[in-house]
Number of protein chains: 4
Amino acid sequence: MAGSTFGTAFSITTWGESHGEGVGVVIDGCPAGLPLSEDDIQAFLNRRKPGQSSYTTPRKEDDTAVILSGIFEGKTTGTPISVAVYNKSQRSKDYSAIKDIYRPGHADFTFDQKYGFRDYRGGGRSSGRETIGRVAAGAVAAKLLKQFGIELCTYTESIHHIRINDAHFDADEIMRNPVYMPDKEAAKKAAALLEQKMGEKDSVGGVIRGIIRHVPAGLGEPVFDKLDALLAQAMFSVGAVKGFEIGDGFNAAFAFGSENNDAFTTDASGNIAKLTNHAGGILGGMSDGSDITYRVAVKPTPSIARPQSTVSTNKTPVTVEIHGRHDPIIVPRAVVVIESMAALTLADLLLRNTGARLDTLKKFYLPS
Amino acid sequence: MAGSTFGTAFSITTWGESHGEGVGVVIDGCPAGLPLSEDDIQAFLNRRKPGQSSYTTPRKEDDTAVILSGIFEGKTTGTPISVAVYNKSQRSKDYSAIKDIYRPGHADFTFDQKYGFRDYRGGGRSSGRETIGRVAAGAVAAKLLKQFGIELCTYTESIHHIRINDAHFDADEIMRNPVYMPDKEAAKKAAALLEQKMGEKDSVGGVIRGIIRHVPAGLGEPVFDKLDALLAQAMFSVGAVKGFEIGDGFNAAFAFGSENNDAFTTDASGNIAKLTNHAGGILGGMSDGSDITYRVAVKPTPSIARPQSTVSTNKTPVTVEIHGRHDPIIVPRAVVVIESMAALTLADLLLRNTGARLDTLKKFYLPS
Amino acid sequence: MAGSTFGTAFSITTWGESHGEGVGVVIDGCPAGLPLSEDDIQAFLNRRKPGQSSYTTPRKEDDTAVILSGIFEGKTTGTPISVAVYNKSQRSKDYSAIKDIYRPGHADFTFDQKYGFRDYRGGGRSSGRETIGRVAAGAVAAKLLKQFGIELCTYTESIHHIRINDAHFDADEIMRNPVYMPDKEAAKKAAALLEQKMGEKDSVGGVIRGIIRHVPAGLGEPVFDKLDALLAQAMFSVGAVKGFEIGDGFNAAFAFGSENNDAFTTDASGNIAKLTNHAGGILGGMSDGSDITYRVAVKPTPSIARPQSTVSTNKTPVTVEIHGRHDPIIVPRAVVVIESMAALTLADLLLRNTGARLDTLKKFYLPS
Amino acid sequence: MAGSTFGTAFSITTWGESHGEGVGVVIDGCPAGLPLSEDDIQAFLNRRKPGQSSYTTPRKEDDTAVILSGIFEGKTTGTPISVAVYNKSQRSKDYSAIKDIYRPGHADFTFDQKYGFRDYRGGGRSSGRETIGRVAAGAVAAKLLKQFGIELCTYTESIHHIRINDAHFDADEIMRNPVYMPDKEAAKKAAALLEQKMGEKDSVGGVIRGIIRHVPAGLGEPVFDKLDALLAQAMFSVGAVKGFEIGDGFNAAFAFGSENNDAFTTDASGNIAKLTNHAGGILGGMSDGSDITYRVAVKPTPSIARPQSTVSTNKTPVTVEIHGRHDPIIVPRAVVVIESMAALTLADLLLRNTGARLDTLKKFYLPS
């Protein structure tokens with residue numbers, strides 16, 4: 001039942017399959033008056049565009065965003081912003097090889113079980129192309145957040161066992177290498193591993209890390225719509241995600257209370273702050289003013305060219321080799337998808353927070 | 001804005017604070033005809049009841065569930081089931097010690113930031129007592145799921161670095177020891193650690209593991225309301241949770257595709273099954289018929305009796321020692337909360353799935 | 001599926017049946033800092049209390065509101081406000097007379113069709129007692145609206161063909177007569193008609209009129225969540241409502257554009273206003289600053305003591321006479337229910353409106 | 001905040017303005033397996049297409065529907081169906097005449113109040129063109145309902161005081177005359193009135209009547225999501241609607257209980273039925289198996305070419321004459337919009353109803 005909509009106040013609905021006419025999103029609830037152009041969206045889309053390196057699929061898509069509504073004289077109007085990216089590279093490929101088999105690690109079997117049949121061309125709705133709509137919307141959310149000083153920094157923390165060296169962290173490096181790592185040396189090693197694994201017809205997983213800065217305290221709704229709970233939903237809604245941590249994450253389970261508690265203090269400006277940030281910027285489901293930090297585990301690409309055992313739709317054992325245009329790793333292109341989901345979650349909670357207090361609400365309606 | 005409701009079709013709304021008149025839940029959307037009594041709910045509540053061992057708070061609450069609506073002649077009627085647990089042990093304690101300070105690891109600061117003031121008595125809405133409503137509703141959801149053969153098994157996998165030995169796994173043992181571990185030896189070691197840390201006025205974290213069996217394939221909605229995405233929200237909505245994994249979780253990030261993919265096969269009954277279950281029973285956000293497996297990281301109890309540095313509400317540095325009735329570990333009592341959240345998520349998606357196909361929908365309305 | 005929740009930002013969930021343990025409501029999303037006591041709620045409940053005149057059921061219910069959560073030191077905390085009214089007058093009456101028959105004009109048949117069985121004691125969930133939760137919540141919404149100068153005036157406009165004389169309109173009279181009419185003479189005539197019809201074992205319908213004053217312009221969301229659309233849903237969610245009009249309503253269908261359009265002008269304070277208000281204070285689904293005016297048609301009480309033809313649950317024709325405590329008219333006690341639904345709709349849209357513009361949103365977060 | 005989405009299980013989100021790139025809709029939750037083509041949608045769109053008679057705007061739009069997603073091999077896949085209608089007739093007209101004034105009866109003023117500015121070209125989001133998305137989705141909903149035998153009949157009942165003669169009712173006539181009246185004579189008189197009023201630079205209102213046949217009993221959720229409540233929201237969400245009635249509507253307010261109650265009986269097939277249908281097919285918010293009947297009041301077109309008094313955005317009194325392509329009446333083209341909203345409401349409640357009973361739910365999952 002439904003399920004293609006995310007967010008309550010800043011709400012998005014995505015549509016589209018990998019091999020249909022296109023993919024897109026309708027953004028509803030964006031405040032009026034935000035300067036916005038197709039360039040803003042394109043800049044985000046370019047970060048997930050295929051064909052940018054030897055580690056991404058050579059599919060020749062321009063992935064050009066078209067804004068169909070919601071903008072007037074360069075600004076958002078408060079009405080739905082519809083963005084479409086038309087598919088241009090729908091090769092009339094022969095899908096007979098995968099039409100009747102269930103690819104391991106893919107959603108072929110579950111789609112058939114749920115709906116009785118499926119669009120077998122390239123993953124259909126479960127294709128990574130569905131995330132184009134999220135990224136287009138994420139660009140809008142991120143631009144909105146920027147108006148409030150909120151900044152998102154997202155990158156590849158590790159690819160297989162190759163992890164960045166925190167001592168070498170360089171934010172500017174992220175956009176300079178094809179694996180989006182903030183550490184030049186680690187990026188090189190990761191590239192070498194990817195080359196090797198491509199040669200072995202195999203694929204690799206990794207971890208994405210996100211930091212959200214300058215979030216005002218108090219965002220997030222206690223109980224079910226906690227900031228961390230909605231971030232967790234957001235992240236796990238991305239296809240290949242298998243784990244999510246806030247702050248110290250699983251390490252917090254191995255800490256004592258005396259180690260894990262963050263002492264409150266006052267900062268140079270006299271504002272209340274925390275001495276440490278094991279909590280990852282969230283207490284009781286609400287932002288505490290510290291950096292929000294999280295980590296996302298991404299599984300290796302399920303499509304690999306080496307022979308795999310599986311069954312056909314009529315339950316016969318078969319061997320399948322998945323050829324075609326597939327990245328050996330999902331992580332680098334997923335970085336902007338993860339950042340987009342974080343931005344969408346924050347934008348929604350930013351809008352939902354304004355009615356929390358009678359005194360501020362009164363100032364809104366009764367200014368003087 | 002709002003945020004106290006979880007679920008779309010099987011929907012719950014919780015209410016209540018630790019030191020108000022009581023806590024409770026309204027369950028809306030439970031199908032009519034389910035046999036249900038207060039005993040069903042009490043059995044679940046007893047699993048989180050305080051005062052059951054030396055590792056849980058000695059607060060003397062009966063935590064007795066009262067069903068106020070939605071049941072007629074022993075069965076659910078399809079209308080809202082209202083359950084209340086009245087607070088009986090609201091000691092007119094002196095809260096002046098914590099009223100004006102921000103306890104580390106607690107939501108005092110964020111509540112003040114969001115709402116302008118807070119109910120400072122024992123955590124208010126962010127208290128663990130809020131979860132009573134979830135557990136009461138979880139009992140109903142679990143009973144509903146049982147009608148469809150779905151079973152939930154949830155337990156403590158590790159307390160600090162003391163992990164169960166999988167070779168000694170004994171499901172019957174879970175309810176026999178106060179830490180809800182399925183391994184008698186590990187439970188003993190954990191108990192010893194807890195005794196030690198209580199002596200040191202410190203607290204301990206741990207990991208909860210859940211397995212959901214016999215889930216029909218196809219539950220979960222593609223894209224944002226994936227089964228794993230809603231489970232993730234459900235789990236992170238529980239106060240002390242800092243990490244969540246489905247299947248192999250973060251280990252999937254360190255695996256190659258050839259290792260992580262689960263080959264499809266046919267089982268003894270000729271049904272399609274998987275040879276392995278790295279995916280944790282979910283593909284493309286939908287259940288695949290295998291066991292759904294997940295892991296939840298729980299931080300150590302923030303309330304500890306040793307001196308901690310913090311600030312007062314007027315930004316003055318102070319030292320605080322949190323005395324009173326506090327568990328040295330959250331994990332054991334959280335096991336049933338986690339199981340309840342899993343049951344609620346599944347029940348919701350079970351109801352949401354029925355309209356996925358025209359053919360089955362037609363059988364519903366046009367039985368022929 | 002679900003359906004017991006109304007509102008998005010200011011959200012209520014009602015529970016309870018006529019002959020269960022009680023009825024109640026959980027209010028989620030009320031801003032923190034609103035002074036609120038049980039007296040505020042009781043004042044609203046008293047307006048729908050039975051047994052106040054010969055035209056209302058003599059059921060001896062105190063209908064006493066108890067606040068179970070969400071208030072601290074006399075103010076709302078921003079967390080759910082749970083209100084319960086425990087049933088005290090559940091007479092262990094013999095319901096065998098109506099248990100197996102379908103009462104005309106009641107929901108007995110449809111409940112059985114939907115759920116397979118029903119709580120046959122006094123209407124169950126479809127009883128008028130369900131509205132107690134709405135009225136309790138309406139009291140909170142109305143108190144919130146009052147902080148912004150918004151006032152609700154609701155009254156009986158007509159009972160059968162006895163209509164108030166607009167020239168004699170006296171707002172103070174509304175609370176002075178048992179039929180809540182703002183015209184003493186009309187109220188007397190209506191009372192006489194009711195006496196007559198009670199003698200004839202019959203019942204009477206009528207029309208309720210509402211006026212909402214000082215609503216800031218811009219409340220209501222374009223397209224599906226228009227202010228008038230949500231008011232219409234709110235009103236038709238009240239059991240006996242059969243018609244709803246905004247402004248001139250059906251008369252607008254018989255007017256020409258030149259008659260129906262309201263010319264804009266400026267008022268004494270130099271603000272933009274309308275010369276007339278055929279539109280009822282709503283243009284394009286948003287409040288325009290004029291009075292919001294609406295009209296609600298209420299059917300006669302379906303429970304009448306004279307013999308009626310119907311069928312039993314096993315499809316046998318039977319004659320039924322419905323004795324017991326039943327009002328000869330629903331309208332007067334429904335006045336406060338209608339006012340409550342209007343208040344709830346406005347409160348929700350008041351909270352939802354704050355994110356419409358970037359400039360005002362920036363002032364909220366960046367007060368400078 | 002948001003507001004462009006309607007429906008919970010069968011859910012639609014519309015986008016687009018009159019003079020942007022286009023208008024459209026995303027339909028989420030349509031069951032998989034429904035045969036669907038662009039022709040199905042076009043047939044509905046053609047019923048609201050401008051330029052079909054002298055009483056509709058001569059705007060030369062093809063209004064051609066393009067399906068962008070959700071269909072595979074001629075059937076719905078269960079994933080979102082995105083439909084776009086690109087605007088082709090965006091005349092680079094000079095809007096300076098209306099840019100700075102508030103047109104009476106339009107949403108210019110309220111849009112400015114809410115959002116700080118507006119798209120002044122032809123109504124923007126409040127334009128009738130927004131309903132194209134609804135009608136496209138309504139075509140899908142109606143086709144789904146047809147699979148269950150549910151039929152919708154919608155027509156113009158009256159134009160100003162010219163009402164159809166029920167004795168001459170001819171369903172086939174509806175599509176034969178430009179005013180969609182089921183009575184040839186009334187249609188002729190209405191046409192004459194429209195000609196006259198166009199000459200007088202005025203506009204006319206009217207009433208639309210809908211009948212929904214063969215609805216299974218039990219659709220609609222008690223309390224807030226009653227079938228009549230959601231129909232009321234649906235209808236009032238259409239721009240020019242000012243009144244709504246179910247069954248006898250306002251006449252029920254002038255009836256006695258003995259007149260208004262519908263006696264239950266058994267029909268020729270031995271099924272339970274009602275002797276009369278004052279209730280309009282809904283009892284307690286749920287369908288009772290009888291025809292669902294409703295009536296919608298539509299105001300006269302606010303755009304009229306005769307001089308009207310109003311003010312400019314800077315509060316100066318001005319006179320405005322609204323020239324351009326405007327229908328003298330909204331009613332005929334609104335007929336299919338109203339029918340679409342009814343179909344959408346029913347489709348949503350059809351899907352939401354399947355979890356009401358445990359016994360039928362068990363048959364779904366455990367067919368045995």
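Strands count as paired if DSSP finds at least two bridges between them, and the strands (E, at least two residues) and helices (H or I, at least four) are DSSP runs numbered from the N terminus. Within this pairing, A:E245 sits opposite B:G243 in β11(B).

Before going on, a word on what you're looking at: this is a predicted model, where local features need pLDDT of at least 70, side-chain atom pairs count only at pLDDT 80 or more, and totals for chains, interfaces and linings use all residues. Residues are numbered from 1 along each chain as its sequence is written, chains are lettered from A and ligands numbered from 1 in the order in which they are written, and side-chain values use heavy atoms, with hydrogens and water left out.

Now zoom out to the whole interface. Chain A brings 108 residues to the contact and chain B brings 108 residues, where contact means heavy atoms within 4.5 Å. The size of an interface is often given as the accessible area lost when the parts come together. Here the buried area (accessible area, 1.4 Å probe, that two parts lose on being put together, summed over both) is about 8500 Å², with carbon and sulfur atoms giving 64% of it. On the chain A side, the residues losing the most area to chain B are A:K114, A:F224 and A:K242, together 10% of what that side buries.

What about charges? There are two salt bridges between chain A and chain B, a salt bridge being a side-chain nitrogen of Lys or Arg within 4 Å of a carboxyl oxygen of Asp or Glu. One of them links A:E221 with B:K114, and their closest N and O atoms are 3.0 Å apart. Helix α3 of chain A (residues 108-115) gives the most to the side touching chain B, with seven residues.

Finally, how do the copies relate?
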